[in-house]
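Welcome! Please take a moment to look over the sequence and the model below before reading on.

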Amino acid sequence: MTGPEFATIRKSLGLTTAEWGRAIGYTGSDNVVGSGVRRYESSGREIPTWIARLALMYGRHGIPADL
């Protein structure tokens, strides 16, 4: 998965970078979480396979309400 594909899924779900980061399991301040997501989206950091698969699942089925 490319960074722009990752960003497209996030935007289609209407999430901020911090909200998206929390949905995929990151913790910490909004700035730290958002910064990590922005690195993935800008292709500054490789997206791990498990995160790419989770992103695709969320893109197809939505994010569970209990997250």
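What follows is a short tour of a core, a helix and a pair of side chains.

This is a predicted model, in which local features need pLDDT of at least 70 and side-chain atom pairs count only at pLDDT 80 or more, while totals for chains, interfaces and linings use all residues. Residues are numbered from 1 along each chain as its sequence is written, and side-chain values use heavy atoms, with hydrogens and water left out.

**The core**

Let us start inside. The largest nonpolar core has 14 residues; such a core is a set of buried Ala, Val, Leu, Ile, Met, Phe, Trp, Tyr and Cys residues joined through side-chain atoms within 4.5 Å. Among those with the most contacts inside this core are Phe6, Trp20 and Ile24. The elements giving two or more residues to the core are helix H1 (3–12), helix H2 (17–23), helix H3 (30–41) and helix H4 (49–61). H4 gives the most, with five residues. Helices here are DSSP runs (H or I, at least four residues), numbered from the N terminus.

Ile24 is in contact (heavy atoms within 4.5 Å) with Phe6, Trp50, Ile51, Leu54 and Tyr58, leaving aside neighbours within four places in sequence.

**Helix H3**

H3 has 12 residues and reaches 16 Å from its first C-alpha to its last, close to the 16 Å expected at 1.5 Å a residue; the expected span is 1.5 Å times one less than the number of residues. Val33, Gly34, Gly36, Val37, Tyr40 and Glu41 are buried in H3. They cover an arc of only 155° around the axis, so they sit on the same side of H3; the arc is that of the directions from the helix axis to the C-beta atoms. On the other side of H3, Asn31 and Val32 are exposed. Buried means under 20% relative accessible area and exposed over 50% (1.4 Å probe, protein chains only). The buried residues of H3 pack against H1, H2 and H4. After H3 comes Ser43, whose phi is positive, near 65°.

**A buried pair**

The side chains of Glu41 and Arg10 make a polar contact (2.6 Å), meaning a pair of N or O atoms within 3.5 Å, where within protein one must be able to donate a hydrogen and the other to accept it, and residues adjacent in sequence count only if both atoms are side-chain atoms. Here are the two partners:
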